[in-house]
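User: I would like to learn how to read the contacts of aromatic rings in a protein model. Please guide me through them.

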Amino acid sequence: MCGIIGCVLKAGSVAPILHKGLKRLEYRGYDSAGIATVYNGAIYLKKDSGKINEIHARLNLDNLPGSIGIAHTRWATHGAPSQVNAHPHLDCDERIAIVHNGVIENFLELKEELMDRRHTFRSKTDTEVIAHLIEENLKSGKNLLEATIAAVRRLKGSYALAVISSLEPDKIVFARNESPLIIGFSDSANFVASDVAAFIEHTRKAVFLDNGEAGYMTPSEFRIFRIDSGVEVEKRVIELTWTVEEAEKSGYPHFTLKEIYEQPHTISEALKAQEKYLDLLTEFLDRGREVFLLAAGTSHNACVAASYMFSKIARLNTIPVIASEFIENYGRSIGIDSIILAVSQSGETADVLTAVENARMTAATILAVTNVVGSTLTRVSRAYVLQNSGPEIGVAATKTFTAQLTVLAQLALRLARRRGKLAQYEIDELREELRKLPELVEKTLMISDKPMRELAKGLANARSIFFLGRGISYATALEARLKVMELSYIPCIAYPAGESKHGPISVIENGYPVFFIAPYDPTRKHVLGNIMEMKARGAKIYCVGTEGDNELRENSDWWLGLPKVHEILSPIIYVIPFQFLAYYLALERGFDPDKPRNLAKSVTVL
Ligand code: G6P
């Protein structure tokens, strides 16, 4: 997730406006940034890696000539954060500059094709192919809008992009598919940006682009067309009422809630994880004598779920280990044929890095799933896959958890295929379920928000809450507990439902809230018995199960039915109600859900 902004001014210098807009978009990414303007028949460009303030201190981002320009703040997905990989990107002749937010899935194919036609690439990004495609189209006699439309018709994936050219110095051309893009307009300036936060100080009149739309803007007008047919479209003008602060959160009161609601998008970005790296990881996973899944916090809960995924469909036993325990528990027994799959959103967690360093010394193979290209973890691992979630501002992980699970499920599926452990129809079925995930998540968000908000009112004074699940839902229970505990500060317990009778059941007394996470999977047949055990001791049963499971519904005091989902994907769906519960409990109890006390987003101490 990156942030883009373009601005055409009637008069004056655009660079300071773009610089300020970038600051407003910084929450979307902050590993590198850049601005390009067009002036006097040439493109002017400043870009570098680092935070916007650092880059400004080095390059003075306010000082580029011209009244038309584009800018970008980056969250790397292809190519490490560096000066060359920072946006804007140029074509061979430096007559076009482009900024892009999204992931171009077929960029390698396009890049090879363009290199065969002697285009010179400067960066490792997927974006640069678009600049060269537009360059070719311009040379064949098209204008900038036609050239951009022809270029994006060749792209597979997501994009929000803005283009300027020294050949048509009075305009910005833009296009959108899947990544957000909004136009803001006024008498003195027109804007195009990933988010209204970038321009809300200048105008409150906005038009939201839809997928498959492209257009251009000059200081006096903007026009929008369908990419497929070229037909012009009329758009509704929206009068924005948000404050700048609200705009940064897309109108949500907190980043945590915004990020919970971003999950259909972040899951669909995680589904675009790069094929060749998934294959590489799969190959290594298949080779090892033993596989450890190494992580901390929420990422550890994702690993617990992953261990069920790997064994269920790929018949690979893996050991999920809490990073801070790894050296003591396994440090001396690992070696050259051990595989360590480290899962870390930030790629900077000290517990994970220390364990990885220890494993590296024994010549073990280090693999990673992370959200941050250029993080220490990406530098010390043999191969890694990105989850493409964009920055997560809420301290408690929400969208990055479900994105990790989405990547891990894809790995498990590939491994199953490689090992010949699933029949073709099962592979196809699971692929289809993965494809449908964003839709299912969208539905689950709709189903769960209100009931969980209501429920939080009743549970706000609970002294403790229990979370139980069997099979892969044990991982969901662990994450439900972690979310609720870290945001509401209510002490919580999570256990495998079958194990709860071996001890923890002794804490149950009249009215004690016990949540069951019970999707309709092979473990479901035993859940009823566990519910009965708890009920018999006076527990109040809250059950999240599959829609239509009347037996569980009738035996619960409170019930939420979720859509049917493939067993190994269920944590992605079933965690969502608990993200809401944690969020609303924090509000009910008067705590800031974005900044839970005593916690940090990235813990870089042991
Ligand atoms: C911290 C955060 C958690 C996170 C954990 C692991 O404790 O507060 O939310 O799950 O670190 O972070 P990582 O970046 O390695 O996934």
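Analyst: The following turns treat ring pairs, and then charges over rings. The model is predicted, so local features need pLDDT of at least 70 and side-chain atom pairs count only at pLDDT 80 or more, while totals for chains, interfaces and linings use all residues. Residues are numbered from 1 along each chain as its sequence is written, and side-chain values use heavy atoms, with hydrogens and water left out.

User: How many aromatic pairs does the structure hold?

Analyst: Rings of Phe, Tyr and Trp (its six-membered ring) pair if their centres lie within 6.5 Å; planes under 30 degrees apart count as stacked, over 60 as edge-to-face and the rest as tilted. The structure holds 19 such pairs. One of them, Phe292 with Tyr330, is tilted, with 4.7 Å between centres and 55° between planes.

User: Which parts does the pair of Phe292 and Tyr330 tie together?

Analyst: Helices (H or I, at least four residues) and strands (E, at least two) are DSSP runs, numbered from the N terminus. Phe292 belongs to strand 15 (residues 290–295) and Tyr330 to helix 11 (residues 323–330), so their pair joins parts 38 residues apart in sequence.

User: Where are Phe580 and Tyr584 found?

Analyst: Both lie in helix 20 (residues 576–588), four residues apart, which is about one helical turn. Ring pairs link Phe580 and Tyr584 with Tyr252, Tyr261 and Tyr583 into a cluster.

User: Which residue lies over the face of Tyr489?

Analyst: A charge sits over a ring if NZ of Lys or CZ of Arg is within 6 Å of the ring centre and within 35 degrees of the ring normal. Arg597 lies over the face of Tyr489, at 3.9 Å from the ring centre. Lys171 lies over Tyr216 at 5.5 Å.
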